[in-house]
Every structure is written in C-alpha cells, then in structure tokens.
Amino acid sequence: LKSFGSSRVHDFRFCHRPCKVMARRILIAFEGSRGDIQPYIVAASTLSKSGYDVMAAGPCDGQALAQEFQVPFTPIGPNS
C-alpha cells in the first residue's frame, strides 16, 4: 500500500495474488449552454477512446453534440 496524505492506495503492480480491479466507469454530469457542454462531451469522448465506459448526462441541448462525438447521453434537468 502507498500512502497519499490520509488515504492509502493499493499498488497493483506489486500484487502477488489475483487482484480485483474496479470497472473503469465514469458519469459526467453537467449543465449550461452549448459552450459549457462541449468541453465535457470532448472529455467524455477522449476517456471513451482511452478505454473507459463513459456516460454523459446534461440538458437536452447536449444530446446532438453527444451523438456527434459518439458519447452515450441521458438527458437530465427540467426540460428532460
């Protein structure tokens, strides 16, 4: 185990027995206009290409942009 401040993190490189690794799943939730949404969608797309299972959630306005970047999207908020 490595110590980072008050938390302890397991270093899997030195694991001598089978280790369970958590799934690499990320939910990115956001709100705002297109200018606010785009950086989150681009980040989600980049993470997805890096092997993470990513879901974006935001206002309905973001759905078309998410489809353009091939990011799974679910609408949330008052207009969903």
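**Close-up views of a predicted model**

**View A. Alanine 29 and its bridge partner.** Alanine 29 has alanine 57, in strand β4, as its bridge partner. The structure is a predicted model, in which local features need pLDDT of at least 70 and side-chain atom pairs count only at pLDDT 80 or more, while totals for chains, interfaces and linings use all residues. Residues are numbered from 1 along each chain as its sequence is written, and side-chain values use heavy atoms, with hydrogens and water left out. Helices (H or I, at least four residues) and strands (E, at least two) are DSSP runs that are numbered from the N terminus. Strand β3, residues 25-29, runs parallel to strand β4, residues 53-58, and the two are paired over five bridges; two strands are said to pair if DSSP finds at least two bridges between them. Leucine 27 is also seen here, standing opposite methionine 55 in β4.

View B. The protein has two helices and five strands, which follow one another along the sequence as β-β-β-α-β-α-β. Three strands form an open sheet in the order β3-β4-β5, and their pairing is parallel. Because β3 and β5 (residues 73-75) stand at the edges with a single partner strand each, one side of each is left without a neighbour in the sheet. From one strand to the next, the twist averages 20°, where axes are lines fitted to C-alpha atoms (for helices, over the stretch in contact) and angles run from 0 to 180 degrees between N-to-C directions. Together with helix α1, residues 34-49, strands β3 and β4 make a right-handed β-α-β unit; right-handed means that, with the strands pointing away from the viewer, the path from the first strand over the helix to the second runs clockwise.

**View C. The largest nonpolar core.** This core has 11 residues, namely Ile28, Phe30, Ile37, Ile41, Ala44, Val54, Ala56, Leu65, Ala66, Val71 and Phe73. A nonpolar core is a set of buried Ala, Val, Leu, Ile, Met, Phe, Trp, Tyr and Cys residues joined through side-chain atoms within 4.5 Å. A residue is called buried under 20% relative accessible area, exposed over 50%, and partly exposed in between (1.4 Å probe, protein chains only). At least two residues of the core come from each of α1, β4 and α2 (residues 63-68), and α1 gives the most, with three residues. Alanine 56, one of the core residues, is in contact (heavy atoms within 4.5 Å) with Ile28, Phe30, Ile41, Val71, Pro72, Phe73 and Thr74, leaving aside its neighbours within four places in sequence. Of the 80 residues of the protein as a whole, 21% count as buried.

**View D. Serine 45 beside phenylalanine 69.** Serine 45 lies in helix α1 and is buried, since its relative accessible area is 6%. Apart from residues up to four places away in sequence, serine 45 touches Phe69 and Val71. Although serine 45 and phenylalanine 69 are 24 residues apart in sequence, they are 6.2 Å apart in space, taken from C-alpha to C-alpha.

**View E. Glycine 32 in a loop.** Glycine 32 is placed in the loop between β3 and α1 and counts as partly exposed, because its relative accessibility is 32%. When residues up to four places away in sequence are not counted, glycine 32 touches Ile37 and Pro59. The C-alpha atoms of glycine 32 and aspartate 61 are 8.9 Å apart, although the two residues are separated by 29 residues in sequence.

View F. Glutamine 70, in the loop between α2 and β5, counts as exposed because its relative accessibility is 70%. The phi angle of glutamine 70 is near 55°, which is a positive value in a residue other than glycine. Isoleucine 76 belongs to the segment after β5 and is partly exposed, with a relative accessible area of 39%. Not counting residues up to four places away in sequence, isoleucine 76 touches Ala29, Ala57, Gly58 and Pro59. Between isoleucine 76 and alanine 57, which are 19 residues apart in sequence, the C-alpha to C-alpha distance is 6.2 Å.
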